[in-house]
Amino acid sequence: MPALRGVGIGQGVATGPVRRMAEALPAPENTPSSAGADAERARVAEAISFVAADLTRRAEAVDGTAREVLEAQAMIADDPTLADEVEERVAAGATAEWAVHDAFAGFRASLEAVGGYLGERAADLDDIAQRVLARLRGVAAPGVPDPGHPFVLVARDLAPADTALLDLDQVLALITTDGGPTSHTAILAREKGIVAVVGAVDAVSLADDETVIVDAAAGTVVTDPNADELARAAERAAERKAADAAPASPGALADGTPIALLANLGKPGDAADAAARGAEGVGLFRTEFLFLSATHAPTVSVQREAYRELLAAFPGRKVVVRVLDAGADKPLPFLNDAHEENPALGLRGLRALRASEDILREQLTALAEADAETEADLWVMAPMVATVEETAYFTALARAYGLRTAGIMVEVPSSALLADRLLAHADFASIGTNDLTQYTMAADRLLGSVASFQDPWHPAVLRLVAEVGRAGAALGKPVGVCGEAAADPLLAVVLVGLGVGSLSMAPSALADVRRALAERTLDDARRVAAAALAADDATSARTAAQATG
Amino acid sequence: MTALSRTVRIGSSHGLHARPAKIFAQAAKETGIPVTIAKDAGKAVNAASILGVIALGLEQGDYATLSAEGEGAEAALDRLAELLVTDHDEGAA
């Protein structure tokens, strides 16, 4: 019956038993053993054989690379060199905890000294060390729990490494106590269509195995639900499932005004799923996945193949590709390795590309070559554009490579305010609401303590969107939104009311947004937008929009 | 009986990180005889120890020297050298 409040991601609802994610264990202290070397030796042996057996069991449950990685982890736990190192310390009077911790620290240091890819993998050792320590202390191993049945995962927040390991068949819903709507957890939930409520501070009180209803549409977690509530939740979940299975039509308002519904994609392989969910094209293709290697940029031919695969999936459709967006929360050492006090305000996006122009030129070359071989309608855009001069620079360069449609992302308030001048050069504008909100509200989008500022419903953000919408209408240039805001059905209506003509989002959000648009005319959307714009803050903007319908 | 040794260059694109190191250390264990591996002229470690192998920090193109003695040493070194020059990262993401 009682409900905890948070920010819902998407419109779904799910019911299930809670499993908490255990926190990382603090490092042990180096106090001499009081139990004696023999006792410590026996404890280490038991803990290590338990962890090795547990990892082997997990390895047997999966296939492919995941299996090999887990097998390697098991082998590391059971390693003879590790045993020697631990024995040396135990014999010298250390506790089992310290011996394990210190032995792993030694291996970690030698890997870090190597640097590069191997250096980055040093963190893999931490997971094993933590598992052994957890066993020694008799507590749950840190990381994503694996109870052997589907569960609702409760965590402070999920790191990218955790999200990569999530078994989506087992996770019914996500609840986080920290992190806002742009946290990694929220982005993962949106991408995969997982029911999630983030920033639910009071969820710290949830205990393992208690049943909760996670209602993303309401932004609540219902604890101790009664039979009625459970039945309603099950009914809603079934309805959504049926609606998702229905064939998708192109996005349009109730009066027939077309609003293109596009997909945000991170790799070419995701194109088929997006098309199956009714995406009319791609509104944001992030090219960062090609640049994951820390040491060098991919060659033109590697890039061309990836772009060709993407474009081939959307013949005759619009595909908007964003050139490399590095810096701030996603630094690339070969592009920007200087330490910055404020990376979000530093050499990132187009600024970083201009500083390494050969990388930009290679990317444009590969895009033009892929475009020539495929039938899609390729648009290219630059991230983090702040000035008219940058707009002129990028669009001229893109056209020089034969790319017909060149535009900009509007993520910086200066670009929104001068949208009419920027759009004199650019063929289109795509508003990135996550960064636009971060820069408008001066609130780091990755910082939980200021997550409450990071709300795209804020009227200041909406006013900037309206500015871009007006400029687009005046100049006859398309304006789209490709931030997380487009995936919020009611906010999508507001954006359309502000003059936005296309919405790009995680494919899993398309069905809900399509439904919300189909229920309203353009006049309705403008009325909802006006109500939100007139509010004092994000919460009242949302409430006003809901009241207007 | 003299110790045999063989020097080869590492083939894996990302060096001997956990997965290729596992394949190698497992094979070394399965030879049933003690085999050591060293990077350049550095300290030799137990080739059957995945941690020892990982901690060498062998990257693609680095030289590694395998040593073993006794019955079957020749065949064991042949097989292990073959694993070291293979690129185990090829085709992996």
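Which residues touch the most other members of the largest nonpolar core?

## The cores

They are V319(A), A429(A), V494(A), L495(A) and L503(A), in a core of 103 residues. A nonpolar core here means a set of buried Ala, Val, Leu, Ile, Met, Phe, Trp, Tyr and Cys residues joined through C-beta atoms within 7 Å; buried means 20 or more other C-beta atoms within 10 Å of the residue's own, with C-beta atoms placed from the backbone. There's also a second, separate core of 59 residues, with V35(B), A55(B), A68(B) and L84(B) among them.

This is a predicted model, where local features need pLDDT of at least 70 and side-chain atom pairs count only at pLDDT 80 or more, while totals for chains, interfaces and linings use all residues. Residues are numbered from 1 along each chain as its sequence is written, and chains are lettered from A in the order in which they are written.

## The barrel

Chain A has a closed barrel of eight parallel strands, running β9-β10-β11-β12-β13-β14-β15-β16. Strands are DSSP runs of E, at least two residues, and helices are runs of H or I, at least four, numbered from the N terminus. Pairing takes at least two DSSP bridges. For example, β13 (405-410) and β14 (429-431) of chain A share three bridges, and V410(A) has I431(A) as its bridge partner.

## Where the chains meet

Twenty residues of chain A are in contact with 21 of chain B (C-beta atoms, placed from the backbone, within 7 Å). On the chain A side, α2(A) gives the largest share, seven residues.

Key. Two residues are in contact if their C-beta atoms, placed from the backbone, lie within 7 Å. A residue is buried if 20 or more other C-beta atoms lie within 10 Å of its own, exposed if 12 or fewer, and partly exposed in between; C-beta atoms are placed from the backbone.
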